[in-house]
Amino acid sequence: MEVVNALGRRKTAVARIYVKEGSGIINVNNKEYKEYFPQETLQYIVKQPLTALDKDGKYDIKVNLDGGGYKGQAEALRLAISRAMVKIDIESKSPLRKLGLLTRDQREVERKKPGQKKARKRFQFSKR
C-alpha cells in the first residue's frame, strides 16, 4: 500500500496527514499523539474514525497540525483521518457518514465590527 494523504480543517486549524500500513503509531508534529493531546477527550476524538471501523492499530499516521486551539486541531485531525479511511476503502464511507465524521464543521469566529466591543456586543447606550 502506498502512502495516502488527506486534509482536515476546523475553525482555523489545518491537519495534513500521511497514512500508511503499520502498527498504529500516530505522530503529531513529531510527538506521540497522547503527548500532544494530554486530555483523554481529545484522544478519543482523534481515534474515533479508527475505532468506528475497527482499524485501530493497523495504520501509521504522520500529522502536520497548524493553527487553532487543541479542540479545533483534534477535530480537524478527526476529519482528515476519516477522509483518508474513505480513500483507502470506499466501503467505510457509509458508517463514517452515519456517525457524522465526514461532515466539515464550517463554523468560524465572527469578526469584530468597528464601533462595537465584540462581534455582536455593543457599547452601552446612553440616552442623555
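View 1. The bridge partner of N5 in strand 2 is Y18. Strands here are DSSP runs of E with at least two residues, and helices are H or I runs of at least four, numbered from the N terminus. The model is predicted; local features need pLDDT of at least 70, side-chain atom pairs count only at pLDDT 80 or more, and totals for chains, interfaces and linings use all residues. Residues are numbered from 1 along each chain as its sequence is written, and side-chain values use heavy atoms, without hydrogens and water.

**View 2. The hairpin of strand 1 and strand 2.** Strand 1 pairs with strand 2 (residues 13-21) in the antiparallel sense, over seven bridges. Pairing requires at least two DSSP bridges. Two residues lie between the strands, and K11 takes a positive phi near 50°.

View 3. V4, A6, G8 and R10 point to one face and are buried. Buried means under 20% relative accessible area, exposed over 50%, partly exposed in between (1.4 Å probe, protein chains only).

**View 4. K47 in helix 2.** K47 lies in helix 2 and is buried, at a relative accessible area of 14%. Leaving out residues up to four places away in sequence, K47 touches I26, Y33 and D56. Contact means heavy atoms within 4.5 Å.

**View 5. Helix 2 against helix 3.** L42, I45, V46, Q48, P49 and L50 of helix 2 meet residues of helix 3, among them Y70, K71, A74 and M85.
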